[in-house]
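Look at the model first, then read on.

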Amino acid sequence: MKKLMGILAVCLLISGCGTKNEEAKPETAKTYKIGIVQHMTHPALDSAKEGFTKYLKGKGIQVEFVEKNALGDTATNDIITKQFVSDDVDLIYAIATPSALAAANATVGKDTPVVFNAVTDAVDAKLVKSNEEPGANITGVSDAAPLETQVKLIRTFLPKAKKIGMIYNIGEPNGKLQVEQVEKMAPDYGFTVVKKGISQASEITTAAQQLASSCDCIYNITDNSVVAATATITDKATNAKIPVFAAEDGQMKSGLLASDSISYEKLGEQAGAMAYDILVNGKKPSAIPVETAKETKLMINKKVAEKLQINIPDDLAKRATFIEE
């Protein structure tokens with residue numbers, strides 16, 4: 001009997017412990033803190049941010065986003081990214097090359113991973129060793145526009161055109177690179193490129209006027225200064241009765257004629273997937289290849305075509321999404 005009572009007592013103790021454990025609250029799910037630094041405000045970069053945050057919110061994880069805008073200032077990028085490192089964020093999402101460079105510099109010798117976006121050539125910018133093997137604690141998504149696709153689009157719209165005007169910021173490597181690439185391929189399509197380099201936004205109006213008076217069209221590249229001034233460029237071009245084409249569709253309602261474009265929201269989603277793999281799945285940025293846009297979308301502004309009396313070729317009309325504004 002004594003042995004039986006002892007066994008029952010042990011069982012009760014075990015049962016009691018089990019009940020206590022079952023009533024204990026589960027460990028709170030981790031909240032990931034992500035610092036977002038955006039070089040400046042314009043629709044393309046805004047969309048890259050929105051696609052990123054939307055993707056991660058949709059994954060059902062707890063995320064705290066700390067959003068900062070450098071307002072186009074390099075020094076401010078440096079201050080923001082250093083503060084993120086000091087605040088021990090779990091990851092930095094850097095939008096545009098100046099922000100990505102600041103994040104890369106701020107995290108040297110640190111464990112903070114960086115995912116960038118809206119960087120045309122990460123190798124040329126010295127952010128990664130190669131697109132296939134970044135080699136450091138940083139990776140991301142390139143917004144390299146399918147430039148030949150854009151040149152073909154211009155030729156299809158303007159079969160008699162000879163000169164393409166291009167504006168770029170001489171202080172932004174990605175813009176200069178895009179101009180050089182278009183210059184190389186332009187002769188294959190019967191074009192020459194007339195380029196205007198600017199060092200500050202106030203010079204864009206004059207550059208646009210000069211190009212509008214000497215070219216058959218203007219092509220807006222994914223240069224932050226140029227994209228931010230799209231409305232100014234299209235205004236000068238429209239007054240001269242020439243169209244403006246672009247590499248991205250964020251400014252279609254600002255007077256662009258057409259863009260066989262990349263989607264910055266989609267690029268943001270791609271970057272979000274990278275961040276998820278790093279934070280949740282434990283992947284190393286150095287082992288995640290740099291990605292580019294997976295698809296393009298043809299956008300045509302009908303109102304601009306009508307105003308400039310430009311015919312929309314049937315083969316383009318069949319696959320285009322039309323903007324009526």
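Axes here are lines fitted to C-alpha atoms, for helices over the stretch in contact, and angles run from 0 to 180 degrees between N-to-C directions. The model is predicted.

**The helix pair**

Helix H2 covers residues 43–58, and helix H10 covers residues 264–279. They pack at about 40°, and their axes lie 6 Å apart.

Which residues of H2 and H10 make the contact? H2 supplies Ala-44, Ser-47, Ala-48, Gly-51, Phe-52, Lys-54, Tyr-55 and Leu-56. H10 supplies Tyr-264, Glu-265, Gly-268, Glu-269, Ala-271, Gly-272, Ala-273, Ala-275 and Tyr-276. By class, the residues of this contact are ten nonpolar, four polar and three charged.

**A side chain in H6**

Asn-174 sits in helix H6, residues 173–185. Is Asn-174 buried or exposed? Its relative accessibility is 2%. Buried means under 20%, so Asn-174 counts as buried.

The side chain of Asn-174 has these polar contacts:

| Asn-174 group | Partner | Distance |
|---|---|---|
| Asn-174 side chain | Thr-97 side chain | 2.3 Å |

Leaving out residues up to four places away in sequence, Asn-174 touches Thr-97, Val-119, Thr-120 and Asp-121.

Definitions and conventions: Residues are numbered from 1 along each chain as its sequence is written. This is a predicted model: local features need pLDDT of at least 70, side-chain atom pairs count only at pLDDT 80 or more; totals for chains, interfaces and linings use all residues. Side-chain values use heavy atoms; hydrogens and water are left out. Helices (H or I, at least four residues) and strands (E, at least two) are DSSP runs, numbered from the N terminus. Buried means under 20% relative accessible area, exposed over 50%, partly exposed in between (1.4 Å probe, protein chains only). A polar contact is a pair of N or O atoms within 3.5 Å; within protein, one must be able to donate a hydrogen and the other to accept it, and residues adjacent in sequence count only if both atoms are side-chain atoms. Contact means heavy atoms within 4.5 Å. Ala, Val, Leu, Ile, Met, Phe, Trp, Tyr, Cys and Pro count as nonpolar, Asp, Glu, Lys and Arg as charged, and the others, Gly among them, as polar.
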